Amino acid sequence: MRASRDEISGIGMTSQRTRDRLVQRLRDEGIRDLRILDLIRNTPRHVFVDEALASRAYEDTALPIGYGQTISQPYVVAKMTAALIPEGIPGRVLEVGCGCGYQSAILAQLAKKVFTVEVIEELLVRAKQRFRKLGLRNIRCKLADGNFGWAQHAPYDAIIVTAAPTDIPQALVDQLREGGRLVIPVGEQGMQELLLGIKQDGKLEITRLDLVSFVPLVRGSGR
């Protein structure tokens, strides 16, 4: 069932001024794409966190979502999303690490189809409930080890990874179309870089975007 307008907007919980303040902070930090800024302003981040943390949902900070995972900082969500779209909106996006579903929801309002993989079943169940609540019908979900991607629906125009492996999984490179973009944090905790890889002649041309801090990419038992 689609959520009510008040429920989505967070009336009584967060003010428009609070969201506008977050967007202004992102502007100050270098996020310029108006499409992304509008999505950050209008997507109800409080829906993706526990009720006890809802009052902090529009702070520019990562927040815990249980199971040792976090909802990413809005600046990082915006930066990663912006890295996918400078040459046009991708039609098919693979997200590795659905988590609470916030990044998926941002992507789903840009791309035609979003395919998202999550290894922690409880998080995926909750994310799917949120997608239904918000009426986001172009997201397909799979419980699986994200290191293997989702080969069934490849090739993807873009791949975004929301947890950090120590190296770029080859399966993700293989599932990216020629000319497609991969945005991924890589490295040990405390030493991670956010990388943009553009696939050329079967290999990635890498650009370093920022220093970041992500939870590790969890390995699971299935594909």
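How many residues lie between E8 and E9 in the hairpin that they form? There are 2 residues between these strands, and Asp201 in the turn has a positive phi of about 55 degrees. Here, helices (H or I, at least four residues) and strands (E, at least two) are DSSP runs, numbered from the N terminus.

The model is a predicted one, in which local features need pLDDT of at least 70, side-chain atom pairs count only at pLDDT 80 or more, and totals for chains, interfaces and linings use all residues. Residues are numbered from 1 along each chain as its sequence is written, and side-chain values use heavy atoms, with hydrogens and water left out. The pLDDT is the predictor's confidence in each residue, from 0 to 100. The protein averages a pLDDT of 92, and 92% of the residues score at least 70. Over residues 1-13, however, pLDDT stays under 50. For this stretch the model has 24 contacts beyond four places in sequence, where contact means heavy atoms within 4.5 Å.

Now to the sheet. Strands of a sheet pair through backbone hydrogen bonds, either parallel or antiparallel. In this structure, 7 strands form an open sheet in the order E5-E4-E3-E6-E7-E8-E9, and the pairing is mixed. Strand E5 (139-143) and strand E9 (203-212) each have a single partner strand, so one side of each is left without a neighbour in the sheet. Neighbouring strands of this sheet are turned by 15 degrees against each other on average, direction ignored. Helix H6 (residues 121-134) packs on the sheet, where it touches strand E4 (113-118) and E5. The direction of H6 makes about 165 degrees with that of E5; axes are lines fitted to C-alpha atoms, for helices over the stretch in contact, and angles run from 0 to 180 degrees between N-to-C directions.

Two strands pair if DSSP finds at least two bridges between them. Strand E8 (residues 192-200) and E9 pair in the antiparallel sense over 9 bridges. Across this pairing, Glu193 stands opposite Leu211 in E9, and Gln192 faces Val212 in E9. Strand E7 (residues 176-186) also pairs with E8 in the antiparallel sense, over 6 bridges, with Leu182 opposite Gly197 in E8. The hairpin of E7 and E8 has 5 residues between the strands, and Gly187 there takes a positive phi near 130 degrees.

Two helices also meet. The axes of helix H2 (residues 16-28) and helix H3 (residues 34-42) come within 9 Å and cross at roughly 150 degrees. H2 and H3 are therefore roughly antiparallel to each other, a term for angles over 145 degrees. Among the residues in contact, Leu22, Val23 and Leu26 belong to H2, while Leu34, Leu37 and Ile40 belong to H3.

Two loops complete the picture. In the loop between E5 and strand E6 (156-161) sits Pro155, and the peptide bond from Ala154 to Pro155 is cis, with omega near 5 degrees. Tyr67 lies in the loop between strand E1 (63-66) and strand E2 (69-71). Although Tyr67 is not a glycine, it has a positive phi of about 60 degrees.

Terms used
Parallel < 35°, antiparallel > 145°, perpendicular 65-115°, else oblique.
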